[in-house]
Amino acid sequence: MKYDIKVTKTNHSRISEVDFENLAFGRVFSDHMFIADYKDGAWFDFRIVPFENIPMHPATSALHYGQSIFEGLKAYRTDSGDIQVFRPTKNSERMNLSAIRMAMPELPADLFMQALDSLVVLDQDWVPTTPGSSLYIRPFMFATDDYVGIKASDTYRFVMFTCPVQSYYSAPVKVLISDKFVRAFPGGTGEAKAAGNYAATLQPVMAARKNGYDQILWTDGFEFKYLQEIGTMNFFLQIDGQIITPKLNGTILNGITRDSILQLLEDRGTPAQVRDVSVDELYDAYQRGALQDAFGAGTAATISHISEIGFKGERLALTPVDERPLSESLKQELEDIKLSRIPDRHGWVHKVAATVVA
Ligand SMILES: *Cc1c(COP(=O)(O)O)cnc(C)c1O
């Protein structure tokens with residue numbers, strides 16, 4: 001279906017004020033945003049408007065009861081100047097799964113894609129060209145009823161804006177295995193990209209930072225025994241040559257980078273083991289000198305090497321990053337696919353705009 005999107009262009013672009021060589025992640029916003037509203041069971045009023053504040057009633061229910069979900073994906077500038085997005089339909093599907101879990105309405109997949117294409121084409125000059133940089137796309141949805149009472153809102157707003165970004169988390173990260181706080185339980189909302197999930201992690205992460213860690217490696221909430229994931233990244237490790245990642249069980253976010261890595265490993269004939277991984281198994285492998293690699297996987301950084309793992313007062317120092325061929329080669333292969341430097345075997349790349357030859 002083709003939706004009618006009304007476009008109101010800004011009459012003063014801010015692009016000339018932006019230093020594209022020094023982009024602070026998530027602090028620079030492109031000129032426009034897409035908005036759609038929901039009422040009486042239907043989405044309506046599709047529009048692209050200049051990026052600006054959103055006025056709100058003080059009783060806006062998202063602020064009080066947290067019906068708020070988001071997605072994150074990136075548009076890349078290829079060597080030939082085209083603009084492409086990696087697996088965007090997966091983000092649309094996942095946003096709708098998050099919506100269902102949070103009692104929010106689904107947004108039609110073709111509307112999501114049309115919004116994305118229209119917005120990125122309009123703000124195409126904001127897609128940076130420096131290596132490793134991209135245009136981060138942030139779709140989100142929140143409850144808009146003006147009502148102080150706990151119930152699923154009847155009205156919602158969907159917004160999509162974009163931010164030019166440099167590569168994120170470029171330095172290897174130090175992670176602390178959680179033995180006290182919990183991110184997600186079975187039956188909870190860990191598999192949804194729901195705003196409140198992240199709020200609940202901030203205080204423990206701040207405490208971990210005081211001890212020199214960047215992130216927490218979350219464990220299950222019953223025994224603090226099984227590894228889940230890190231901040232906004234899925235977790236992979238390599239023991240005795242075998243690549244392993246925790247199995248999805250409703251507590252772990254179903255990452256698109258994770259899914260892509262599993263496919264690449266299968267293509268290489270070295271499939272990963274997808275199963276429960278315990279803290280003890282990781283610690284034992286480290287003691288034996290068999291822990292060869294550990295990394296986080298997510299859209300923001302693609303792959304973040306882990307340099308150190310904190311566990312019960314011990315700091316486990318991992319193999320130097322330049323001695324980890326596996327994660328480096330996966331990162332490279334994903335990068336090459338996103339930028340069309342190698343064939344896109346699985347149809348993952350979505351072309352938004354082709355170079356305009358003047
Ligand atoms: C978004 C996210 C990820 C990574 O998902 P990608 O689709 O690969 O970006 C992993 N864990 C959590 C908790 C997340 O929010």
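Modeller: Two packed helices are described by an axis angle and an axis distance. In this predicted model, local features need pLDDT of at least 70, side-chain atom pairs count only at pLDDT 80 or more, and totals for chains, interfaces and linings use all residues. Residues are numbered from 1 along each chain as its sequence is written, and side-chain values use heavy atoms, without hydrogens and water.

Biologist: At what angle do α5 and α7 pack?

Modeller: Helix α5 (residues 256-267) packs on helix α7 (residues 325-338) at about 105 degrees, with the axes 11 Å apart. The two are therefore roughly perpendicular (65 to 115 degrees).

Biologist: Which residues in α5 meet α7?

Modeller: Contact means heavy atoms within 4.5 Å. Thr 257, Ser 260, Ile 261, Leu 264 and Leu 265 in α5 meet Leu 326, Leu 330, Glu 333, Leu 334 and Ile 337 in α7. By class, this contact has seven nonpolar, two polar and one charged residues.

Biologist: Which side chain has a polar atom 2.6 Å from a ligand oxygen?

Modeller: A polar contact pairs N or O atoms within 3.5 Å. Thr 257 has that 2.6 Å distance. For Lys 193, the distance to a ligand oxygen is 2.7 Å. For Arg 94, a side-chain N or O atom is 2.8 Å from a ligand oxygen.

Methods:
Axes fitted to C-alpha atoms, helices over the stretch in contact; angles between N-to-C directions. Helix = DSSP H or I, 4+ residues; strand = E, 2+ residues; numbered from the N terminus. Parallel < 35°, antiparallel > 145°, perpendicular 65-115°, else oblique. Nonpolar A, V, L, I, M, F, W, Y, C, P; charged D, E, K, R; others polar. Polar contact = N/O pair within 3.5 Å; in protein donor to acceptor, adjacent residues only side chain to side chain.
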